[in-house]
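Trainee: I would like to learn how to read backbone and packing features in a model like the one below. Please take me through them one at a time.

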Amino acid sequence: MTYRTIGLEIDDVVYQRAVSKAVTDGKTINQILVDLLKDYAGKAVSMPSAPPAPVTAPPTSASPAPVSPSQPASTTPSIYTVKSGDTLGAIAKRVYGSAHKYFLIQKANNIKDPRLIWVGQRLVIPPLEGAVATGGVTSTPHPAVVTSPAASVPVAVTVPSSTDGKNPRPTVEFVGSPNFNRRPHAEISAIVMHATANGTLQGVINWFNRSDAQVSAHYTIGKDGTIVQHVRNEHRAWHAGKSEWQGRPDLNSWSIGIEMVNWNNGQDPFPEAQHQAAVNLVAYLSGKYHIKPELIVAHYDVSPGRKTDPRGYDMDRLRREVTARI
Ligand SMILES: [Zn+2]
């Protein structure tokens, strides 16, 4: 395997910046993420009393701006979660006292079109002084390894299974695909299982990393049980195409797509390690998103006549073993 691995719990802001930078720099998302995370890790090490705000900010909430105009002297960026009715100008006015300074926020977040922000988007709010430096992905070199226990930044690591909860998150290797967009609603209430019709995990990664492929899935499970994540759960991956289940169309918008490496010819076996990884992953996701067993479906269920995958995979066994775990 030649792909690099990245911690799974990547802050939204870091991820957004990586995606847009990957496009402008012609690099892979992972190359950019490694650079960004090194940068954040370096800041965490050099400023132990000031944890890196973009990474340790609280999750999205309905609360008003965490940025207060009374803190202009701050030298660390903060996070602002976009609310309904916001514009970059309005946010700039609130945090800087001037709508004209919107470009500082635009620049810090690599936003191409300042009109295109969305509710729930988390924006880096750079401090007024040094606002330019917060885009400092290419500035002074930082140590690649986090040595401060205060730093919570993952740097190019495989995230091990979490140990809390009934069905912990399995170990996942993140290799970001550019093929995703926003979910129209936050809802995640189904899981669609697929087969890749491709023989190797690396082949799937390479294909999903091509923006012209216009396809992706959230996860692919290798024959040996390795789980690679291509798209964050919160985003809409492009795996189901024209689809419908229980009268609802467009499964991509409200499901998580899981590929299994398999030729989908009815002959190629799904090894036990691969099946067990699928049970672990589906049980984790079902618990996390409260997905009902009848909404763990095959691609052929939701695109009948058009799709046959995952051919030969025992969906009933998957549902049964997942149900027993949740
Ligand atoms: Zn499929």
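**Reading the features**

Mentor: Start with H185, which is exposed, as 10 other C-beta atoms lie within 10 Å. The cut-offs are these: with C-beta atoms placed from the backbone, a residue is buried if 20 or more others lie within 10 Å of its own, exposed if 12 or fewer, and partly exposed in between.

Trainee: What should I know about the model and its numbering?

Mentor: This is a predicted model, in which local features need pLDDT of at least 70, side-chain atom pairs count only at pLDDT 80 or more, and totals for chains, interfaces and linings use all residues. Residues are numbered from 1 along each chain as its sequence is written.

Trainee: Where is H185 placed?

Mentor: H185 sits in the loop between β4 (180-182) and β5 (190-195). Helices (H or I, at least four residues) and strands (E, at least two) are DSSP runs, numbered from the N terminus. The protein chain has 10 helices and 12 strands. In sequence, H185 and S253 are 68 residues apart, while their C-alpha atoms are 7.5 Å apart in space.

Trainee: How many of the 326 residues of the protein chain count as buried?

Mentor: The share is 39%. As for contacts (C-beta atoms, placed from the backbone, within 7 Å), 70% of those in the protein chain with a separation of 6 or more are between residues 24 or more positions apart.

Trainee: How do I read a strand?

Mentor: In a regular strand the side chains alternate between the two faces of the sheet. In β2 (residues 122-125), R122 and V124 point one way, L123 and I125 point the other way, and all are buried. Strands pair if DSSP finds at least two bridges between them. Strand β1 (residues 78-81) runs antiparallel to β2, with four bridges joining them; Y80 has L123 as its bridge partner in β2.

Trainee: And what about phi and the peptide bond?

Mentor: Most residues other than glycine have a negative phi, and most peptide bonds are trans. N264 is not a glycine, yet its phi is positive, about 60°. H290 likewise has a positive phi, near 55°.

Trainee: Is N264 buried or exposed, and is H290 buried or exposed?

Mentor: N264 is buried because 21 other C-beta atoms lie within 10 Å; its loop runs between β11 (255-260) and α8 (272-289). H290 is exposed because it has 11 other C-beta atoms within 10 Å, and it lies in the loop between α8 and β12 (296-298).

Trainee: Which peptide bond is cis?

Mentor: The bond from D309 to P310, with omega near 0°. P310 is in the loop between α9 (299-302) and α10 (315-325).

Conventions. Contact = placed C-beta atoms within 7 Å.
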